[in-house]
Amino acid sequence: MTKTAKTANPYRVALHGMDSRTCKTMEMYLKGPCRGAAQVVAPDDAQIDMIDADHAKAREILDQRKAAAPGRPIILLSLQSLQIDNTFFIKKPVTAEQILGVLDKIGLLLKAAENKPEPAPAPAAPAKPQQAPAAPIKTTLDVYVKPVKPTKPIDNTERQKTGKHQSAVQLNEGGFTAFLGTVGDIDFDDEAQLPTACYDPRQFFLGYVQSAAKTAGLQARPLRLSSIWKPLYLFPEQNEVWLDADDKQLRAFAGVAFKPGTANNMSLSALDPAAAGAERVPEKYQDLQAFIWKLAIWTSKGRFPIGLDIQRPVFLQRWPNFTRLVITPDAMRIAALLVKTPTAPIAVCRVLNVKPQYVFVFISACHALGLLRQSEREADAVIAAPAPDKPKNEGLLRKILSKLRGT
């Protein structure tokens with residue numbers, strides 16, 4: 001049995017090229033989704049080095065670690081596909097399956113190195129004049145990883161997309177209200193009002209972005225979503241969006257409920273190659289999933305999406321990629337419960353002793369990314385494969401597809 005199945009002796013991992021927030025997120029991710037298969041320790045106590053290869057000084061960090069701890073396994077995390085000898089690679093966004101798979105390989109490697117017998121001393125022999133020194137014995141690490149072609153340098157334009165690559169932001173209780181805003185007509189302390197604490201994504205910018213993202217994915221080509229605000233560019237192959245606005249502006253627009261007839265001012269059009277490849281400020285590119293996640297948070301303001309029954313169990317199909325997402329208060333605890341046990345949202349509040357708005361905003365964000373499902377029975381949720389969501393804004397989607405016909 002490998003160590004990933006047994007957490008009594010977790011691997012000791014040192015993190016490099018990550019800020020304090022990212023380190024904290026990775027530490028929680030190793031404890032949660034990775035089932036405690038590894039723990040974060042100081043570099044001197046580590047068995048494994050993990051480096052964010054998208055860091056500006058990634059090459060320098062890699063060289064330093066190889067010199068400081070020769071033979072120690074190194075894991076590289078990057079948005080690009082890397083091939084560097086004597087390293088293990090995990091492509092971002094990182095998943096628990098990727099980490100556990102690499103740890104399994106490293107575990108076999110470390111075990112082989114530990115069990116390798118010492119070479120028996122050679123019998124004494126008459127000294128030979130001018131005998132060449134014996135070649136050094138190769139270690140298991142030298143044999144295990146075959147050399148590959150040198151990696152390409154990290155693209156500077158890709159590195160400049162700070163909005164796309166920004167690490168998770170963790171909210172505490174004090175910053176939650178300031179980040180989300182408040183809903184004045186709902187008293188979340190009154191349980192009788194909770195069933196009315198809902199919103200319809202189709203009445204907000206969120207609903208249109210979700211429909212546009214699905215259309216762009218189906219057509220596999222860049223699209224432009226025009227609205228009463230600023231245009232949003234979607235690049236499905238790169239899993240990116242581009243918006244000429246900062247988070248403060250987006251947060252304000254996300255909370256505005258559209259009036260009837262606003263759909264007439266929304267349009268989705270295909271980008272020709274010249275427009276798709278036009279120069280845009282790199283810092284304003286954003287990861288598509290991270291964009292929709294925070295847009296859902298700002299739209300929700302602590303409410304849950306209409307169509308979900310807070311009295312019936314919901315469950316998560318998989319853990320959200322917390323390394324790139326805004327982490328709302330108690331998000332880790334809520335995720336751990338809903339991955340393991342289908343639970344009604346209203347019951348989550350009682351079981352974990354968590355405020356309803358914390359539960360509802362997390363559920364809203366997961367629902368927007370298609371990670372959340374509602375089950376008729378708990379057994380159905382655990383055993384049966386859930387059916388995919390129906391597209392939101394079906395009327396808008398039909399309108400968009402008709403406009404795109406012939407383009």
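Analyst: What follows goes through a few features in turn, and the model is a predicted one.

User: Is His 16 buried or exposed, and in which strand is His 16 found?

Analyst: Burial is judged from relative accessible area, and a residue under 20% counts as buried. His 16, which is found in strand E1 (residues 11–16), has 10% relative accessibility and therefore counts as buried.

User: Which residues does His 16 touch, leaving aside those up to four places away in sequence?

Analyst: Those residues are Pro 43, Asp 49, Met 50, Ile 51, Asp 52, Ile 61 and Arg 65. With Asp 49 there is also a polar contact of 2.9 Å, which joins the two side chains.

User: How do the axes of helix H12 and helix H13 cross?

Analyst: The axes of H12 (residues 331–340) and H13 (residues 345–352) come within 11 Å and cross at roughly 120 degrees, which makes H12 oblique to H13. The crossing is right-handed, and the contact is made by Arg 333, Ile 334, Leu 337 and Leu 338 of H12 with Val 348, Val 351 and Leu 352 of H13. By class, this contact has 6 nonpolar residues, 1 charged residue and no polar ones.

User: Where is Ser 375 found?

Analyst: Ser 375 is in the loop between strand E14 (372–374) and helix H15 (378–383), and with a relative accessible area of 3% Ser 375 is buried.

Notes. Residues numbered from 1 in each chain as written. Predicted model: local features only at pLDDT ≥ 70, side-chain atom pairs only at ≥ 80, totals over all residues. Heavy atoms only, no water. Helix = DSSP H or I, 4+ residues; strand = E, 2+ residues; numbered from the N terminus. Buried < 20%, exposed > 50% of the residue type's maximum accessible area, 1.4 Å probe, protein only. Polar contact = N/O pair within 3.5 Å; in protein donor to acceptor, adjacent residues only side chain to side chain. Contact = heavy atoms within 4.5 Å. Axes fitted to C-alpha atoms, helices over the stretch in contact; angles between N-to-C directions. Parallel < 35°, antiparallel > 145°, perpendicular 65-115°, else oblique. Left-handed = near helix turned anticlockwise from the far one by under 90°. Nonpolar A, V, L, I, M, F, W, Y, C, P; charged D, E, K, R; others polar.
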